[in-house]
Amino acid sequence: MIVPFARRMLTETDPRLLWTFTWNFGVKGVRSVQKFKKRLAKGEHFPPFLYISVINSCNLRCQGCWVKVDGPQQYIDADRMDRLITAAKKRGNSFFGILGGEPFMHPQLLEILGRHRDCYFQIFTNGQLITDDVARELRRLRNATPLISIEGTLEVSDARRGRTDVLMKTLAGLENCVRNKLIVGVATSVCQSNFHELVNEAWLRHLIRKGVHYVWYHTYRPVGEHATPELALTPDQVLHVRRFVVQMRSRLPLAMVDAYWDDKGQALCPMATGISHHINPWGDIEPCPIIQFATDTIDDERDLFDVLNGSAFIRDFRETAAAATRGCIVLERPDLVRDLVARHGARDTTHRSLGAGVREIDAMRPRTSQHNPGCEVPEEHWAYRFAKKHWFFGFGAYT
Ligand code: SF4
C-alpha cells in the first residue's frame, strides 16, 4: 500500500505543496506532540492541535450540525486569528483544524493562511465554494488541505444537508482541488442514511479514481438543534466501520484518518487526552466542538497558554471524561456534562435561544460511542501502528 500511495502523492500533487505538508505537518507536527508530552510530564496542559471554527455562517443546513449557521454572521477576523495562532506557535504548534460553518465563507480565510505559511491547515469544508481561483490560490500558498465532506449519493446528500444538488456542487469543488494538484481529503459523518452507500471498498476506489488522497470516517453525533438521533449508528455498525478502516489501510493507496482509537484499537477521546480543544466563532474556548459551554475566551489578556493551562473547567472536563469512559462523554454520560457545566458555572456557547445548550443535553438519551470494551480492533498496518504508538494514544489520561 505504501509504494502505490507514495507514487500517487508524488505524481498527483504539486511537489512544493507536498514538501510543505511533509515539513509543516509531518516534521513540525511530530515535534509539537513531543513538546505536548514534555508539558504533560510537568503537569502542564496545552494541546498540540487546536480546532478553530472561524465562522458560523454556512450555505447548507445539515442534520446533526451543532453550529448556529442561520444566526447573525460571526467570525474570528485575521488579527484575532494572528494572535491565537502566534500564541500557539510559541508552544511549538504548527497544525490547525479550520472548521465552521463553512470556512470558505470567511472573507479573510486565504489571507489568514497567507500570514502563517510556516503552519499547516486542514480545512473542514463542504467544498461548494472552492472555485478554480480559490484552488489555484491554495496551491500558491501550499499550506492547506481541504477536507471535503460528502454525506451520501445524490438523494441522501440533499436530505442530509438540507439543500438541492448538494453532491454535484461539492464534487465540482473537489475537481477544482484535484486539477490544481492540492492534497485533498473526503470526510463522512457515517450514519444510518449513508452507512451502506459509503462504508465499502467500491466507494473508496471511486474516490481514489477522483483523485482523493485521504478519507476520514466520523461517527455521527446526534447533537445540536437538529440532532436527528435516529441517524446514530448501532454499536455493531461502529465496530464494522472500525474493522473496515483497519482493513482498507493495508489494501488501498489512500490514507485513512481516525481520531478515536490507538494502535491497540483501544478507544480514546481527543478532548479527554488533551491533544485537542476547540475555539468557536465567538472566540469561546470549548472542550471540543460539540461541547458548547465555556468559561474562557481567546480575548483574555493573558497568554493563551496560561488561559488553557489554567482553565479549571477544561481540566475538570478532561479528567471527568477520562474517569468515566474511554469513549465520548457527551454520548455516554450527558448527565456528567450537565454536572460539569453547573459546577463551573460555564456559559452556554450555542448562541441559540436562552438555555438551549442545557436543554439539548437534558434531552439526550445516553448511548454508546467508540468505546466497546472487549471488541478492540488493533491496527494491522505497521505505519499506522507506529504512528499511533508514538504520537496518538491516551497520553496517560486513562489509568
Ligand atoms: S467528547 Fe466526544 S465528540 Fe468530543 S472529542 Fe471526545 S469523543 Fe469526540
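The points below begin with the basis of the model and then turn to the sheet and the ligand.

1. This is a predicted model, in which local features need pLDDT of at least 70 and side-chain atom pairs count only at pLDDT 80 or more, whereas totals for chains, interfaces and linings use all residues. Residues are numbered from 1 along each chain as its sequence is written, and side-chain values use heavy atoms, without hydrogens and water.

2. An open sheet of mixed pairing is formed by 10 strands in the order β7-β6-β5-β4-β3-β2-β1-β8-β9-β11. Its edge strands, β7 and β11 (296-297), each pair on one side only. Strands are DSSP runs (E, at least two residues), as are helices (H or I, at least four), numbered from the N terminus; two strands pair if DSSP finds at least two bridges between them.

3. Strand β6 pairs in the parallel sense with β5 (residues 185-190) over 6 bridges, and S189 has H218 of β6 as its bridge partner. With β7 (residues 255-257), β6 forms 3 bridges, also in the parallel sense; here Y214 stands opposite A255.

4. Strand β1 (residues 49-53) pairs in the parallel sense with β8 (residues 276-279) over 4 bridges, with Y51 opposite H278.

5. Around the ligand (a heavy atom within 4 Å) are R221, Y260, C269, P270, M271, C288, I290, C328 and Q370.
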